Amino acid sequence: MDSSLLLLAVLSGYLIGSLSFARLIARALKPEQDLNQVQIHLDSGDGHRLRAVGATTASIVLGAKWGGIIALLDIIKAFVPTLIFRLIFPDQIYYLFAGAGAIAGHIWPLYHRFRGGYGLSPALGAFLVMDPLGVLVSNALALFLGLVVLRDAVIVMVAGTWLMVLWVWLVRSDPAMIIFVLVANLLLGFAAIPELSGYFRDRRSGKVNIDEAMQKFPMGRMIQKYFLKTMKPRD
């Protein structure tokens with residue numbers, strides 16, 4: 001493996017991943033709104049400030065449509081450099097380094113004082129290059145586990161990337177892929193620590209509960225809608 005190509009893969013992925021489509025689009029559509037200061041306004045009158053800036057944050061300000069568009073762009077910005085390196089070097093694992101760089105760039109963007117999003121969308125983009133069938137199966141299984149088995153809407157949102165670990169271990173048996181998916185999940189988990197610590201602090205103080213918080217996000221409302229449908233007794 002050529003160390004200069006490895007460095008090129010990481011840097012190119014990182015620099016592209018550092019593009020914050022949430023900020024760029026919000027700046028064009030609502031220049032008066034600072035995504036660094038977005039709060040969830042709760043029914044109790046309290047507020048919970050979001051610490052990450054990505055498609056989820058933008059969806060609160062711009063609506064579900066633009067949130068979905070931004071999420072798609074975040075998927076693409078990791079998919080493209082990962083795919084390029086896989087096509088150019090099909091027998092090497094440079095593409096995994098490009099994908100990891102894109103995820104890290106999204107979470108700690110160079111152009112925005114290293115404050116970005118959670119990294120879920122770019123992780124999905126990199127996983128799609130690595131194993132599109134695995135992405136489909138793991139996310140379908142996460143949906144089934146969350147809505148049918150465990151009846152926990154949060155599982156729908158977070159389980160898919162961790163189930164990719166199980167998929168590449170059992171199906172691919174490729175050490176490089178396993179390490180990459182583990183690293184990606186660790187990056188996502190590390191990125192979520194500030195948000196989770198703030199959420200649990202507010203939850204302990206009684207300011208927020210998960211059902212109310214999810215209702216403030218378009219994606220959360222959609223998941224809860226289908227979740228509640230599965231909870232209804234059948235005649």
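Me: Among contacts between residues at least 6 apart in sequence, what share joins residues at least 24 apart?
Reply: In this predicted model, 67% of those contacts do.

Me: And how much of the protein counts as buried?
Reply: Of its 235 residues, 44% count as buried.

Me: How many helices and strands?
Reply: Eleven helices and two strands. From the N terminus, the order is α-α-β-β-α-α-α-α-α-α-α-α-α.

Me: Let's go to α6. Is that helix mostly covered or mostly open?
Reply: Mostly covered. Eight of the eleven residues in α6 are buried.

Me: Which ones are buried?
Reply: In α6 they are S121, P122, A123, G125, A126, F127, V129 and M130.

Me: Why does S121 count as buried?
Reply: Its relative accessibility is 18%. The cut-off for buried is under 20%, so S121 falls on the buried side.

Me: What does S121 touch, leaving aside neighbours within four places in sequence?
Reply: A71, D74 and I75.

Me: How do α4 and α6 pack, in angle and axis distance?
Reply: Helix α4 covers residues 64-88 and helix α6 covers 120-130. They pack at an angle of about 35°, and their axes are 7 Å apart.

Me: Left-handed or right-handed crossing?
Reply: Right-handed, as α4 passes α6.

Me: Which residues meet there?
Reply: From α4 come A71, D74, I75, A78, F79, T82, L83 and R86. From α6 come S121, P122, L124, G125, A126, L128, V129 and M130. By type, the residues of this contact divide into eleven nonpolar, three polar and two charged.

Me: New topic: the largest nonpolar core. How many residues, and which touch the most other members?
Reply: That core has 27 residues. I103, F127, M130, V168, F180 and V181 touch the most other members.

Me: Which elements give two or more residues to this core?
Reply: α5 (94-107), α6, α8 (153-172) and α9 (175-204). The largest share is from α9, with eight residues.

Me: Now L133. Where is that one?
Reply: L133 sits in helix α7, residues 132-149.

Me: Why is L133 classed as partly exposed?
Reply: Because its relative accessibility is 49%. Exposed needs over 50% and buried needs under 20%, so L133 lands in between.

Me: How far is L133 from W167?
Reply: Their C-alpha atoms are 9.7 Å apart in space. In sequence, L133 and W167 are 34 residues apart.

Me: Last one, M157. Which helix, and how accessible?
Reply: M157 lies in helix α8. Its relative accessible area is 32%, so M157 is partly exposed.

Me: And how far is M157 from A142?
Reply: The C-alpha atoms of M157 and A142 are separated by 7.9 Å. Along the chain, M157 and A142 are 15 residues apart.

Methods. Residues numbered from 1 in each chain as written. Predicted model: local features only at pLDDT ≥ 70, side-chain atom pairs only at ≥ 80, totals over all residues. Heavy atoms only, no water. Axes fitted to C-alpha atoms, helices over the stretch in contact; angles between N-to-C directions. Helix = DSSP H or I, 4+ residues; strand = E, 2+ residues; numbered from the N terminus. Left-handed = near helix turned anticlockwise from the far one by under 90°. Contact = heavy atoms within 4.5 Å. Nonpolar A, V, L, I, M, F, W, Y, C, P; charged D, E, K, R; others polar. Core = buried A, V, L, I, M, F, W, Y, C linked by side-chain atoms within 4.5 Å. Buried < 20%, exposed > 50% of the residue type's maximum accessible area, 1.4 Å probe, protein only.
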